[in-house]
Amino acid sequence: MQVARPALSHLFIYYKVNAGLDASGVKARVRSMQASLAHRTGIQGRLFVREDAGTTWMEVYPPAPDPVAFMQALKEEVERAGLPLLLADGNQRHIEPFIECA
């Protein structure tokens, strides 16, 4: 008898950056963090900015084989890159997991 394995989650992380920051500098910092994260975990993220509000950004990550280790690495890389300092006042990174419909 084969046991069903739980579906792995895609991560969608959205946040608002400080409107006074240069978008190209924010992009470079996030992409650098994602490159370090990919080097550590093998998981390459994608980066999006909301079309009608350039201060809303989103990172998207495919499922990780070890979600706990990935989340720890993500937390460490975000802190190392100083990404919390780029957020708009009172804002935080919102992490939403989604599974693909079968």
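These legends describe close-up views of a predicted model of one protein chain.

**View 1. The whole chain and its order of elements.**
The protein chain holds two helices and four strands. Read from the N terminus, its elements follow the order β-α-β-β-α-β. The C-alpha trace spans about 60 × 30 × 20 Å along its principal axes. The chain has 102 residues, and 29% of them count as buried.

**View 2. Strand β3 and its two partners.**
Strand β3 covers residues 56–61. It pairs with β1, residues 10–16, through six bridges. Strands β1 and β3 run antiparallel. One of the paired positions links Lys 16 to Thr 56 in β3. Strand β2, residues 46–49, is joined to β3 by four bridges. Strands β2 and β3 also run antiparallel. Here Leu 47 stands opposite Glu 59 of β3. Phe 48 has Met 58 of β3 as its bridge partner. A hairpin of six residues connects β2 to β3. How enclosed is β3 by the rest of the structure? Five of its six residues are buried, so β3 is largely enclosed.

Asp 66 sits in the loop between β3 and α2, where α2 spans residues 67–81. Thr 41 is 25 residues away from Asp 66 in sequence. In space, their C-alpha atoms are 9.2 Å apart.

**View 3. Pro 67, in helix α2.**
Pro 67 belongs to helix α2. Its relative accessibility of 42% makes Pro 67 partly exposed. Leu 8 lies 59 residues from Pro 67 along the sequence. From C-alpha to C-alpha, Pro 67 and Leu 8 are 8.0 Å apart.

The model contains two aromatic pairs. One of them is formed by Phe 12 and Phe 98, with ring centres 5.4 Å apart. How do these two rings meet? Their planes stand at 80 degrees, so the pair is edge-to-face; the cut-off for that class is over 60 degrees. Phe 12 lies in strand β1, and Phe 98 lies in strand β4, residues 94–98. The pair therefore ties together parts that are 86 residues apart in sequence. Phe 12 is partly exposed, at 26% relative accessibility. Phe 98 is partly exposed too, with a relative accessible area of 47%.

Rolling a probe the size of a water molecule over the atoms shows where empty space is left. The structure holds one cavity of 30 Å³ or more. Which residues line the largest cavity? The lining consists of Tyr 15, Val 17, Val 30, Leu 83, Leu 86, Leu 87 and Arg 93. By type, the lining divides into six nonpolar residues, no polar residues and one charged residue.

**View 7**
Arg 93 is one of the residues that line the largest cavity. Its place is in the loop between α2 and β4. Is Arg 93 buried or exposed? With 17% relative accessibility, Arg 93 counts as buried, because the cut-off for buried is under 20%. The side chain of Arg 93 makes a polar contact with the side chain of Glu 59, at 2.6 Å. Glu 59 is the β3 residue that stands opposite Leu 47.

Methods. Residues are numbered from 1 along each chain as its sequence is written. This is a predicted model: local features need pLDDT of at least 70, side-chain atom pairs count only at pLDDT 80 or more; totals for chains, interfaces and linings use all residues. Side-chain values use heavy atoms; hydrogens and water are left out. Buried means under 20% relative accessible area, exposed over 50%, partly exposed in between (1.4 Å probe, protein chains only). Two strands pair if DSSP finds at least two bridges between them. Rings of Phe, Tyr and Trp (its six-membered ring) pair if their centres lie within 6.5 Å; planes under 30 degrees apart count as stacked, over 60 as edge-to-face and the rest as tilted. On a 1 Å grid over the protein atoms alone, a cavity is a set of points where a 1.4 Å probe fits but cannot get out, and a pocket is an open set with protein on both sides within 12 Å along at least five of seven lines; lining residues have an atom within 4 Å of a point. Grid points are joined across faces, edges and corners, and a volume is the space filled by probe spheres set on the points. Ala, Val, Leu, Ile, Met, Phe, Trp, Tyr, Cys and Pro count as nonpolar, Asp, Glu, Lys and Arg as charged, and the others, Gly among them, as polar. A polar contact is a pair of N or O atoms within 3.5 Å; within protein, one must be able to donate a hydrogen and the other to accept it, and residues adjacent in sequence count only if both atoms are side-chain atoms.
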